[in-house]
2 protein chains.
Amino acid sequence: MTIGIFLSLKSILRKIIIKTRYRHPGLLKRVISSCLFLPLILFIIIQYILMRNKNNFGNRKMVEYADILEAYQRIKTEINKTPVMTSRTLNAMVNAKVFLKCENFQRIGAFKMRGAFNAISQLTEEEKKRGVIAHSSGNHAQAVALAANLLGVKATIVMPSTSPKVKVNATRDTYGAEVVFCDPTIKARSETAQKLIEQHGYTLIHPYDNEDVIAGAGTAALELFDQVNGLQMVFAPVGGGGLLSGTSLFVKGYNKEIKVIGVEPKNVDDAYRSFISGKIEVNETTNSIADGLLTNLSELTFSIIKKNVDQIITVSEREILNAMRFAWERMKIIIEPSGACSLAGVMSKQIPVENKKIGVIITGGNVDLTDFFNLLENKISNF
Amino acid sequence: MTIGIFLSLKSILRKIIIKTRYRHPGLLKRVISSCLFLPLILFIIIQYILMRNKNNFGNRKMVEYADILEAYQRIKTEINKTPVMTSRTLNAMVNAKVFLKCENFQRIGAFKMRGAFNAISQLTEEEKKRGVIAHSSGNHAQAVALAANLLGVKATIVMPSTSPKVKVNATRDTYGAEVVFCDPTIKARSETAQKLIEQHGYTLIHPYDNEDVIAGAGTAALELFDQVNGLQMVFAPVGGGGLLSGTSLFVKGYNKEIKVIGVEPKNVDDAYRSFISGKIEVNETTNSIADGLLTNLSELTFSIIKKNVDQIITVSEREILNAMRFAWERMKIIIEPSGACSLAGVMSKQIPVENKKIGVIITGGNVDLTDFFNLLENKISNF
């Protein structure tokens, strides 16, 4: 469209020039000197207006505060409004009022349900008929499987052949998705998914590089601010950046004064380094118990995080484990290592939180308990 | 007083008889024949009225519904109003609406805090000055320690020398009680406590054979009925019977139509057998992972249970473990084996619960997690 306007403006100008040159030879120079940049200026103005109206991000729609509000209306009847929990001991330890938004109590045991449902529910009827696909062995797989199931959409999940049986069973038997195995490499996963997309026309639901998934993830913060008044700071873990970008978008849209802190395992600190260097960095190892935070940022999540997050801090494996153990032993809630990162961030006291009201997003609680229950099995078999 | 009334009635009667015999010799026989049993009948009526008003139980005050209401006013600012949790999966499994009253989120991680605080807060100033004592290695020890601490009362806890270090530390260091060790036998425990009581004049806070402890325990059900409308049945575990008697007293006082079911491990089914035989039975083994339910009923708790509980059922160790695992894996809450018993009772389907609203008291969540976290420690030490 822009090029069309440019071309028609050009041809109109050419006609004017030919006529003017013939009738008023003196006038032309002055007109040319003042109007030389007119098409260019017009082009720039039009581009700017189009960009503002459409919120283009490259070819993509940019996510906004309003999208999170809309996402919440879309998903709220199908998700759990998860509780906010507090601990006298924790408050005393950090000398602040800390409110844990417990997404471990979300359906499928993690916040991922919010984004998956928001994304799949907005597909066209045609896309829904063809089905969706995800490649993941973690919470996102189960979220896509359950959300698709609730919406009557066929889901295919590509999982590494080494995935724990309990996860395969949950995805396939409990939530009714088709599971397709692949070699346990990232390359094999995305190639297998791509092949299936080409064959069947499935729509890929990416775990974080997807605007609707990000908007859905932001609804956890929306609920938290509805449940607790006067929060001054929010901590959220960062892996691919879906949760942190959704959270920061909501928080800054709600009140720019509220600080948003991302927390990342020190061993896989790509987001921390990206935040400093200004370009997307990658990890050399995956040595962290926070297995949900091993991925790198995408252009989309990074652009949101750069704009809306105040600081990213890192925590050691020891700090993650201590925070997890605190939640289990003292608060009696099961949180996974990735979910414990934000709590570890608060407990690390890198950020001054004294006398503040602090929101902490606990992302999930899916932990393999087989070893622990095997110990108890042994105990009762001796009775 | 009763004897006084009896004697004065007797002397009045004697005067009437003497006068009548003198003036109307014929009348006397008829009067005597009709009034012969009058003093006896009066005596019985007066005794009955006194008994009803005072609710005497031997020499002890009997616990009543009103005591639970009063206990709640006394303790409510110092305890947690614990949340009620639900699970779609659980509801589908038993085809009912199940509401878990999560006392694992209570202070010190168990309902015991309610009874301990209620009992200690009602001691006289003199008794408070002398201090309290309890013999326990479990939740009651920590409850007495914390409640005493909050009330500025000195607490001494007699613990077997084999108690896990983590429990000793919590009782002593976190809650500030004095810990006295004894040989690991029930006899040594009560003898050690008795000796200290004689030496220092401490008041013993029994874990369940205590009216104020029972009234305090009943406040968990009080809160549950405040949080959920229309419950038709309540399940609670039974060990010494403090929780079950407090719960049943509240429930039947609230609405006689609501059923109260006690749940006990099959391996230590003394309460179940007592309920059938009508006399207090004991266990021959302590072979249950539900280590909070190994004790026997007391006369006090048994008298309340006989009157207010509709049924006691038993569950196997396997059923207890399955219920515990369900809560951990699917609901992401840490509940201890004793606390899982009532849930196991519902899941066992021995009692028809279809389409009913069911309350389930989850008593606590104190589980030793050392082994589990050692596994994770190993994992991070390899990074």
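**Exercise 1. Find which residues of helix α14 (residues 270–277) of chain A are buried, and what covers them.**

Step 1. Helices (H or I, at least four residues) and strands (E, at least two) are DSSP runs, numbered from the N terminus. A residue is buried if 20 or more other C-beta atoms lie within 10 Å of its own, exposed if 12 or fewer, and partly exposed in between; C-beta atoms are placed from the backbone.

Step 2. Know the model. This is a predicted model, where local features need pLDDT of at least 70, side-chain atom pairs count only at pLDDT 80 or more, and totals for chains, interfaces and linings use all residues. Residues are numbered from 1 along each chain as its sequence is written, while chains are lettered from A and ligands numbered from 1 in the order in which they are written.

Step 3. List the residues. A:Asp270, A:Ala271, A:Tyr272, A:Ser274 and A:Phe275 are the buried ones in α14(A).

Step 4. Look at the cover. It includes β10 (259–265), α15 (299–308) and β11 (311–315) of chain A.

**Exercise 2. Describe how helix α6 (residues 112–121) of chain A packs on helix α8 (residues 139–150) of chain A.**

Step 1. Take the geometry. The two axes come within 8 Å and cross at roughly 45°. Axes are lines fitted to C-alpha atoms, for helices over the stretch in contact, and angles run from 0 to 180 degrees between N-to-C directions.

Step 2. Name the arrangement. α6(A) is therefore oblique to α8(A). (Angles under 35 degrees count as roughly parallel, over 145 as roughly antiparallel, 65 to 115 as roughly perpendicular and the rest as oblique.)

Step 3. List the contacts. Two residues are in contact if their C-beta atoms, placed from the backbone, lie within 7 Å. α6(A) brings A:Lys112, A:Met113, A:Ala116, A:Phe117 and A:Ile120. They meet A:Asn139, A:His140, A:Ala143, A:Val144, A:Leu146, A:Ala147 and A:Ala148 of α8(A).

Step 4. Sort by class. The contact has 9 nonpolar, 2 polar and 1 charged residues. (Ala, Val, Leu, Ile, Met, Phe, Trp, Tyr, Cys and Pro count as nonpolar, Asp, Glu, Lys and Arg as charged, and the others, Gly among them, as polar.)

**Exercise 3. Work out how chains A and B meet, and how one is superposed on the other.**

Step 1. Count the residues. Chain B gives 27 and chain A gives 26.

Step 2. Find the elements on chain B. α16 (317–329) and α18 (370–381) each give two or more residues. α18(B) gives the most, with 8 residues.

Step 3. Sort that side of chain B. It divides into 14 nonpolar, 5 polar and 8 charged residues.

Step 4. Superpose chain B on chain A. This takes a rotation of 178° with 0.6 Å of shift along its axis, at RMSD 1.3 Å. That is the relation of a two-fold axis. (Copies are superposed by least squares on the C-alpha atoms of residues with pLDDT of at least 70 in both.)

Step 5. Compare the surfaces. Of the interface residues of chain B, 96% are also interface residues in chain A, so the copies meet through the same surface.
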